[in-house]
Amino acid sequence: MVRWKPTVHAELAMAMAMVKGEITHVLPYIGVSNLSCIMCSHYIRAFNEVMEQKIAIRGSHGKAYPGWSWPIPPARDEELREAFLKGIRQQL
């Protein structure tokens, strides 16, 4: 049996750091070398909607990866989960 170590992807870790004030004086754009996975893309969309942010990413390649982990947001976790699941359900 293969077990995947839970991993918070880089773009979500950066978004959390921006919101917590750990990263300051930045544009609300997260540019990573690859397009974001489908889960990160939906998370950022839901995060922007619920937290009233305007964080942008390059786009998504549409793949999902085992071990993707939900980051701990600073607040409003339940609302964020509902918005995230709504987006995933619409795509499915």
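Reply: Of the 92 residues of the protein, 36% count as buried; here buried means under 20% relative accessible area, exposed means over 50%, and partly exposed is in between, with a 1.4 Å probe and protein chains only. Please keep in mind that this is a predicted model, where local features need pLDDT of at least 70 and side-chain atom pairs count only at pLDDT 80 or more, while totals for chains, interfaces and linings use all residues. Residues are numbered from 1 along each chain as its sequence is written, and side-chain values use heavy atoms, with hydrogens and water left out.

The protein has 3 helices and 2 strands, and from the N terminus on they run α-β-α-β-α. These elements are DSSP runs numbered from the N terminus: helices are H or I with at least four residues, strands are E with at least two. Along its principal axes the C-alpha trace spans about 45 × 25 × 20 Å. Among contacts between residues at least 6 apart in sequence, 75% join residues at least 24 apart, where contact means heavy atoms within 4.5 Å.

Now to the rings. A pair of aromatic rings is described by the distance of the centres and the angle of the planes. Rings of Phe, Tyr and Trp (its six-membered ring) pair if their centres lie within 6.5 Å; planes under 30 degrees apart count as stacked, over 60 as edge-to-face and the rest as tilted. By this rule the count comes to 6 aromatic pairs. One of them joins Y43 and F47, which are stacked, with 6.1 Å centre to centre and 20 degrees between the planes. Both residues lie in helix 2 (residues 38-51), 4 residues apart, about one turn of the helix. Y43 and F47 are both buried.

W70 and F84 give you an edge-to-face pair: their centres are 5.1 Å apart and the angle between the planes is 80 degrees. W70 lies in the loop between strand 2 (56-57) and helix 3 (77-91), and F84 lies in helix 3, so this pair ties together parts that are 14 residues apart in sequence. Like the previous two, W70 and F84 are both buried. Now put the pieces together: ring pairs link Y43, F47, W68, W70 and F84 into a cluster.

Side chains of opposite charge can pair when their charged atoms come close. A salt bridge is a side-chain nitrogen of Lys or Arg within 4 Å of a carboxyl oxygen of Asp or Glu, and the whole structure holds 3 of them. In helix 2, R45 and E49 are 4 residues apart, about one turn of the helix, and they form a salt bridge whose closest N and O atoms are 3.1 Å apart. R45 is partly exposed, at 32% relative accessible area, and E49 is partly exposed too, at 48%.

R81 is partly exposed at 33% relative accessibility, as is D77 at 28%. The remaining bridge joins the side chains of R76 and E79, at 3.0 Å from N to O.
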